[in-house]
Amino acid sequence: MNLLRTLFLLLLTTQVAVAEQSIETDRYVIHYNAFNSSIVAPEVAQKHQLQRSRYTAMLNVAVFEKQDDGTQQAVSAMLSGEVANLMQQTQKVTFTPIKEDKALYYIGSFRFGNEEVMHLVINVQPDPNQAATIIRFDQKFYTE
């Protein structure tokens, strides 16, 4: 199993470190989570040119289209995002697609301070002919 897939599975199953969330529309299931980038293994970060820092968080998004047979297939999407702290200082989040075998993930990053609550907004548009799905959530980040 490749390193990124291992990381993603670890993030999905580690309840203490990260909360994996999803939203479902009529055609798509969107999985997303945010976590401190320092938990990413150095070799994974280097391979995918991801910045690791105790003051940098990552957003991980995967989009799946529901199939007629009940399975889900990873699909590409247009993503954009923004994060803001409690003082409304905002940062744009640019997502980089990472494709390995049949897996497709989007990773974006942003800076934060210790114990800082961030308001996150992610726009996910798998179908350019449909409006984007807007995901909003708040999360507190720690520098460890």
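User: How many aromatic pairs does the structure hold?
Analyst: This is a predicted model, in which local features need pLDDT of at least 70, side-chain atom pairs count only at pLDDT 80 or more, and totals for chains, interfaces and linings use all residues. Residues are numbered from 1 along each chain as its sequence is written, and side-chain values use heavy atoms, with hydrogens and water left out. Rings of Phe, Tyr and Trp (its six-membered ring) pair if their centres lie within 6.5 Å; planes under 30 degrees apart count as stacked, over 60 as edge-to-face and the rest as tilted. The number of aromatic pairs is three.

User: What kind of pair do Tyr32 and Phe137 form?
Analyst: Tyr32 lies in strand β2 (residues 28–36) and Phe137 in strand β10 (residues 133–141), 105 residues apart; strands are DSSP runs (E, at least two residues), numbered from the N terminus. The ring centres are 5.1 Å apart with 45° between the planes, and the pair is tilted.

User: Are Tyr32 and Phe137 buried or exposed?
Analyst: Buried means under 20% relative accessible area, exposed over 50%, and partly exposed in between (1.4 Å probe, protein chains only). Both Tyr32 and Phe137 are buried.

User: Why is the pair of Phe110 and Phe141 called edge-to-face?
Analyst: Phe110 sits in strand β8 (residues 103–111) and Phe141 in β10, 31 residues apart. Their ring centres are 5.4 Å apart, and the pair is edge-to-face because the planes stand at 85°.

User: What is the relative accessibility of Phe110?
Analyst: Seven of the nine residues of β8 are buried, so this strand is largely enclosed by the rest of the structure. Phe110 counts as buried because its relative accessibility is 3%.

Terms used:
Helix = DSSP H or I, 4+ residues; strand = E, 2+ residues; numbered from the N terminus.
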